[in-house]
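Subject: Structure handover

Hi,

Here is the structure I promised to pass on. Please open it beside this email; my notes follow below.

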There are 2 protein chains.
Amino acid sequence: MTSWEEFYACHLPPSDFEDNRQLLKQFCENHLKNKNQNIVLITSGGTIAPLEHNTVRFVDNFSAGNRGSASAEFFLDRGYAVIFLFRTKSLEPFTRHFSGQQFLDMLEINDREHTENPSINVKPDSVDILLPILRKYKEAQESNRLLYINFTSVSDYLWLLRAACEALASFEKRALLFLAAAVSDFYVPQDDMPKHKIQSSGAPKISLQLVPKILKPLVGNWVPQAFVVSFKLETDDSLLIAKSRESLMKYNHKLVIANILQTRRNRVVFVTPTSSEEIILTKEQALSGLEIEEPIVCEIIKRHEEFQATVAQ
Amino acid sequence: MTSWEEFYACHLPPSDFEDNRQLLKQFCENHLKNKNQNIVLITSGGTIAPLEHNTVRFVDNFSAGNRGSASAEFFLDRGYAVIFLFRTKSLEPFTRHFSGQQFLDMLEINDREHTENPSINVKPDSVDILLPILRKYKEAQESNRLLYINFTSVSDYLWLLRAACEALASFEKRALLFLAAAVSDFYVPQDDMPKHKIQSSGAPKISLQLVPKILKPLVGNWVPQAFVVSFKLETDDSLLIAKSRESLMKYNHKLVIANILQTRRNRVVFVTPTSSEEIILTKEQALSGLEIEEPIVCEIIKRHEEFQATVAQ
């Protein structure tokens with residue numbers, strides 16, 4: 001048994017797994033009918049590795065979900081159907097522009113005439129900001145081109161990722177995988193996990209196991225015809241390109257988007273086995289409100305189209 | 001040097017610490033003028049313990065911030081000034097009732113007349129739910145009775161907690177501390193922390209240190225006259241009361257609110273050195289929309305008033 005088969009054998013699927021599998025299946029079947037419809041699976045946010053069965057503590061990965069949630073909007077703009085597989089409570093497309101308090105601050109109560117039925121409206125000076133986002137949100141809902149599926153633990157994530165791939169496989173080369181989630185590298189095996197909250201009387205040592213590298217079966221078996229893009233986040237610039245190439249060699253997918261934690265909002269490198277190309281957001285572009293995910297998504301779509309054309313020959 | 005003095009000596013304050021200290025000071029000075037004004041410091045959400053200097057991975061504590069954010073609303077209702085010291089992105093009073101998507105779904109675009117200036121309003125059937133919450137939110141803003149201060153790491157939290165206590169001390173017995181945050185018990189000392197992201201080539205062992213028990217100096221030195229309430233969360237019911245009593249003996253504060261992870265939404269126990277009293281939310285109450293934080297806050301305020309009366313004699 002490979003390490004990933006063993007992982008699935010040892011970890012139960014999340015409790016709502018069957019519902020999500022059906023949602024994924026139906027969403028894909030709907031869009032498969034349209035022979036020109038491209039589809040992207042975006043994974044976003046970090047996974048957790050619980051330290052206890054009754055989880056009070058867990059190891060988490062830093063990721064707010066900026067990259068994935070922003071990119072989802074740009075893929076929708078360009079006509080893709082989007083499966084957004086995201087960490088519960090991480091950023092989501094459209095709503096990411098506003099925190100809860102900002103929403104409440106945008107609202108005003110309209111009871112000038114002391115009516116019994118006051119209304120609530122968005123303050124005129126907030127309409128300009130909210131309106132284009134709200135229109136795009138409603139358009140995505142109405143065209144049924146956006147499916148939200150959420151996870152918390154790394155094992156939830158791996159179960160849902162495989163189910164999403166099974167649903168996507170029939171799209172063949174029209175399927176794009178944009179694997180931006182920050183997946184745990186380590187976990188505590190179920191058998192090593194204490195049942196109850198670790199008591200704070202001593203200073204414990206936690207022994208971690210490696211999470212199996214799921215890109216291997218994903219690229220090799222689950223969606224062998226799809227265009228797969230993975231992300232590499234490092235804090236040490238000197239390792240970045242070498243580690244990206246290593247990943248491409250090992251998993252045989254199309255593209256690694258490499259970035260450094262501190263500069264990830266304004267610089268990424270597109271790494272293939274034979275090329276590396278930077279995308280940089282200038283200060284002026286950032287100040288004008290441009291987000292780096294827009295040129296990233298543009299460039300990926302260009303490459304996805306070229307890939308589809310090549311395969312078709 | 002005690003363990004907590006050592007912790008402050010080894011950990012720098014968060015970068016925006018001085019701004020927050022000023023906010024805390026001004027907020028307290030404003031309300032101190034009113035001799036009848038009670039004030040509560042609510043801590044809410046979990047703290048993280050980073051595993052790396054350039055933090056990609058961290059140990060986190062399970063806590064959405066339900067207890068703290070709901071209680072803040074009930075303390076405001078009862079006239080308290082509220083310092084809400086919360087984990088970034090955990091639940092906040094008022095906005096906790098709505099996720100981002102729910103907000104967008106409540107809105108409709110009003111461009112019936114093809115005007116160039118469309119307006120946005122809350123759908124009539126959502127006004128009923130939103131209106132009472134929005135009114136209370138605006139009232140809290142306008143009366144300046146709610147101060148938000150946020151933290152992420154356990155060291156941020158400890159710096160801000162001490163600054164809040166310093167600002168609160170002059171309220172003497174009118175100050176209430178409601179320490180609901182899920183504070184890390186363990187951390188990785190700065191010297192043991194790798195500078196860069198831990199590479200996933202091996203399975204690392206993480207050695208954790210105990211975070212100093214801050215209730216000791218808090219009750220003993222920082223706010224010795226205040227009414228201090230701490231929380232005890234366990235997953236094993238058989239330890240609950242004994243561990244709560246142990247905590248009261250050790251730190252000499254007034255009250256521990258004890259709860260079990262799985263049943264914390266409908267049962268808590270108020271534990272003092274000589275008594276223990278359950279607060280239970282019945283199924284009917286829960287279905288009618290009552291939250292357990294309402295009777296919890298009521299009971300705490302009752303005890304805070306009795307405490308103030310006793311001390312005054």
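Start with helix α2 of chain B. Its buried residues pack against β1, β4, β7 and α6 (154–168) of chain B. Keep in mind throughout that this is a predicted model.

**Helix α2 of chain B**

Which residues of α2(B) are buried? They are B:Phe17, B:Asn20, B:Leu24, B:Phe27, B:Cys28 and B:His31. Look down the axis of α2(B) and these buried residues fall within an arc of 95°, so they line one face of the helix. As for length, α2(B) has 16 residues and spans 22 Å from its first C-alpha to its last. That is close to the 22 Å expected at 1.5 Å a residue.

**The sheet of 8 strands in chain B**

Next, the sheet. It is open, has 8 strands and shows mixed pairing. The strand order is β7-β4-β1-β8-β12-β13-β14-β15 (chain B). Which strands sit at the edges? They are β7 (146–151) and β15 (276–280) of chain B, and each pairs on one side only. Neighbouring strands of this sheet are turned by 15° against each other on average, with direction ignored.

Helix α2 (residues 17–32) of chain B packs on this sheet. There, α2(B) touches β1 (39–44), β4 (81–87) and β7 of chain B. Its direction makes about 160° with that of β7(B).

Elsewhere in the sheet, β8 (residues 175–179) and β12 (residues 227–234) of chain B pair in the parallel sense, over 4 bridges. Within this pair, B:Leu177 stands opposite B:Val228 in β12(B). Helix α7 (residues 215–222) of chain B also packs on the sheet, touching β8 and β12 of chain B. The direction of α7(B) makes about 170° with that of β12(B).

**B:Ala81**

Find B:Ala81 in strand β4 of chain B. Is B:Ala81 buried or exposed? Its relative accessibility is 0%, so B:Ala81 counts as buried. Leaving out residues up to four places away in sequence, B:Ala81 touches B:Phe27, B:His31, B:Gln37, B:Asn38, B:Ile39, B:Val40 and B:Arg145. Two of these, B:Phe27 and B:His31, are among the buried residues of α2(B). B:Ala81 and B:Leu146 are 65 residues apart in sequence, yet their C-alpha atoms are 6.2 Å apart in space.

**A:Glu278**

Now switch to chain A. A:Glu278 is in strand β15 (residues 276–280) of chain A. A:Glu278 is partly exposed, with a relative accessible area of 43%. Apart from residues up to four places away in sequence, A:Glu278 touches A:Arg267, A:Val268 and A:Val269. With A:Arg267 there is a side-chain to side-chain polar contact, at 2.7 Å.

Last, an open sheet of 4 strands has the order β2(A)-β3(A)-β3(B)-β2(B), with antiparallel pairing. β2 (49–50) of chain A and β2 (49–50) of chain B stand at the edges. Each has a single partner strand, so one side of each is left without a neighbour in the sheet. In chain A, 2 bridges join β2(A) to β3 (residues 57–61), and these strands run antiparallel. The bridge partner of A:Ala49 in β3(A) is A:Val59.

Best wishes

Technical notes
Residues numbered from 1 in each chain as written. Chains lettered and ligands numbered in written order. Predicted model: local features only at pLDDT ≥ 70, side-chain atom pairs only at ≥ 80, totals over all residues. Heavy atoms only, no water. Pairing = 2+ DSSP bridges. Axes fitted to C-alpha atoms, helices over the stretch in contact; angles between N-to-C directions. Contact = heavy atoms within 4.5 Å. Expected span 1.5 Å × (residues − 1). Buried < 20%, exposed > 50% of the residue type's maximum accessible area, 1.4 Å probe, protein only. Arc of directions from axis to C-beta. Polar contact = N/O pair within 3.5 Å; in protein donor to acceptor, adjacent residues only side chain to side chain.
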